[in-house]
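Open the model in your viewer and get the selection tool ready.

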Amino acid sequence: MSTAPTPARPMRADARRNHDRLLSEARTSFAAQGTDASLEDIARRAGVGIGTLYRHFPNRQALMNAVFQEALSALLDRSRELARANEPCTALVEWLGAVVTHAGEYRGLAHGLMSASGDETSELTACHMSLRRAGAQLLTRAQTSGSVRADVSIDDLLQLTNAIALAAEQSPADPALADRLLRLTLRGLKADPADPPPGG
């Protein structure tokens, strides 16, 4: 008897339209009001009931995860490009800056990503883990080159970038804050010439 999983059934045309309208309205609402925007209002503007929203997205984190997939794909593509850069430390710093920018695009996203790092049940965990794997490759490359301290972890860096985005979110009158905080933080990444190499 076969134990192969049953392939997911393709979405009906009307269900696909509802799904796409919900995503579009969620994207607009999250950009305008933050990720705590009313799900009822999102469903109403999409022309469906709240029950339909929950059939497609069982909770707020699932909807957030779907909304952010396009930006996540762009970050992962960028990490692959930077993995071939000649300056591994510069590549890592550039990618972390892109993560800060991404986390700051929607009010509440940085907090959601920080929470997902310690909650395996969160729908955002898959998003966090994808970023973690991409960042870990860039970090390892920078550490192997001797330009970044060996005791720096990707988990610490992602928490720092989300914290910077969260701080910038709370200070909208200072648009340069995120860049200043990131540059200040990254000074602590530099390897000391007296430090032993990784594995040494």
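The tour goes through aromatic rings, then salt bridges, then an annotated span.

Before you click, note that this is a predicted model, in which local features need pLDDT of at least 70 and side-chain atom pairs count only at pLDDT 80 or more, while totals for chains, interfaces and linings use all residues. Residues are numbered from 1 along each chain as its sequence is written, and side-chain values use heavy atoms, with hydrogens and water left out.

**Stop 1: the aromatic rings**

Select Phe30, Phe68 and Tyr106, which ring pairs link into a cluster. Rings of Phe, Tyr and Trp (its six-membered ring) pair if their centres lie within 6.5 Å; planes under 30 degrees apart count as stacked, over 60 as edge-to-face and the rest as tilted. The count by this rule is two aromatic pairs.

Begin with Phe30 and Phe68, a tilted pair with 6.5 Å from centre to centre and 40 degrees between the planes. This pair links distant parts of the chain, 38 residues apart: Phe30 sits in helix H1 (residues 13-33), and Phe68 in the loop between helix H4 (60-67) and helix H5 (69-82). Helices here are DSSP runs (H or I, at least four residues), as are strands (E, at least two), numbered from the N terminus.

Are Phe30 and Phe68 buried or exposed? Both are buried, where buried means under 20% relative accessible area, exposed over 50%, and partly exposed in between (1.4 Å probe, protein chains only).

Now keep Phe68 and turn to Tyr106: this pair is tilted too, at 5.0 Å centre to centre and 45 degrees between the planes. Tyr106 lies in the loop between helix H6 (88-103) and helix H7 (109-116), so the pair again links distant parts of the chain, 38 residues apart. Tyr106 is buried, as is Phe68.

**Stop 2: the salt bridges**

Next, show the charged side chains. A salt bridge is a side-chain nitrogen of Lys or Arg within 4 Å of a carboxyl oxygen of Asp or Glu, and the count by this rule is ten.

- Select Asp20 and Arg16 in helix H1, four residues apart, about one turn of the helix. Their closest N and O atoms are 3.5 Å apart. Asp20 is partly exposed at 37% relative accessibility, and so is Arg16, at 38%.
- Move to Asp77 and Arg80 in helix H5, three residues apart and separated by about one helical turn. Their side chains meet in a salt bridge at 2.5 Å, N to O. Asp77 has a relative accessible area of 39%, and Arg80 one of 47%.
- Pick Arg183 and Asp179 in helix H10 (residues 177-186), four residues apart, about one turn of the helix. Here the salt bridge is 3.0 Å, N to O. Both residues are partly exposed, Arg183 at 43% and Asp179 at 42%.

Then select Arg78, Glu81 and Glu94, which salt bridges with shared partners join into one network.

**Stop 3: an annotated span**

Finally, colour residues 38-57, which an unreviewed UniProt entry annotates as "DNA-binding region". UniProt positions are given in the numbering used here, feature names are shortened, and annotations may be inferred rather than shown by experiment. How far apart are the end C-alpha atoms of residues 38-57? They lie 14 Å apart, and the span is 70% helix and 0% strand.
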